[in-house]
Amino acid sequence: MVPPCLESGDLAPVWEALLCCHRLKSGLPASVCARTGAVLGGATPAQEAALGDYFLALGLAFQLLDDVINLQGFGKSLKTKAEDLIEGKVTAPVIRALMALGAAGDAERQRWLWGQFGVPDSEREVGAMVELIEATGAFETCIGEAHSMVDAAWLKVDAAVPDSFAKVCLRAFGWFVCKVRDY
């Protein structure tokens with residue numbers, strides 16, 4: 001999927017495919033649980049929808065931030081820094097970096113970054129890949145998108161759900177997902 005998109009200069013389909021995977025991995029399971037809890041708790045249809053959308057956004061944001069944290073390194077975790085790149089996984093920061101390089105007209109570095117996924121794992125220049133991805137602003141872009149999607153979904157919850165301690169806890173959980181950089 002990536003080579004034709006690189007050739008056309010339109011990586012939006014690659015980005016949408018990644019978001020779809022992240023929705024299926026974390027967003028939808030969280031959303032279904034939230035909607036189920038809302039129904040069992042007697043929520044109105046508007047409350048159910050708002051809570052389901054909020055948890056969908058939280059799951060998606062978690063995955064985007066996890067992709068960033070993987071490349072930045074885990075402070076207290078046993079995971080290896082940039083293990084996604086070591087394993088040849090194309091993650092959110094990689095796609096955003098490819099998009100930024102394309103938008104800047106930097107086809108040479110864009111080709112180099114994508115080309116690293118075609119070399120054997122032992123020959124991949126992981127450190128240089130991380131440096132280039134970071135230099136494009138891809139980390140900040142992904143973090144900003146994660147925060148924006150959670151904040152936008154929260155506005156619906158805030159409008160639909162009456163003020164309560166539980167509502168405060170839901171908002172705090174959203175901040176935790178978006179702000180904590182080492183799970």
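Predicted model: local features only at pLDDT ≥ 70, side-chain atom pairs only at ≥ 80, totals over all residues.

Modeller: Residues are numbered from 1 along each chain as its sequence is written, and side-chain values use heavy atoms, with hydrogens and water left out.

Biologist: How many helices and strands are there in the protein chain?

Modeller: Helices (H or I, at least four residues) and strands (E, at least two) are DSSP runs, numbered from the N terminus. The protein chain has nine helices and zero strands.

Biologist: What span does helix 9 reach?

Modeller: The expected span is 1.5 Å times one less than the number of residues. Helix 9, residues 165-179, has 15 residues and reaches 21 Å from first to last C-alpha, close to the 21 Å expected.

Biologist: Which residues of helix 9 are buried, and which are exposed?

Modeller: Buried means under 20% relative accessible area and exposed over 50%, with partly exposed in between (1.4 Å probe, protein chains only). An α-helix has 3.6 residues a turn, so residues three or four places apart point the same way. In helix 9, Lys167, Arg171, Gly174, Val177 and Cys178 are buried. These buried residues fall within an arc of 115° seen down the axis (directions from the helix axis to the C-beta atoms), so they line one face of helix 9. Phe165, Val168 and Lys179, on the other side, are exposed.

Biologist: Against which helices do the buried residues of helix 9 pack?

Modeller: They pack against helix 3 (45-72) and helix 8 (138-160), where contact means heavy atoms within 4.5 Å.
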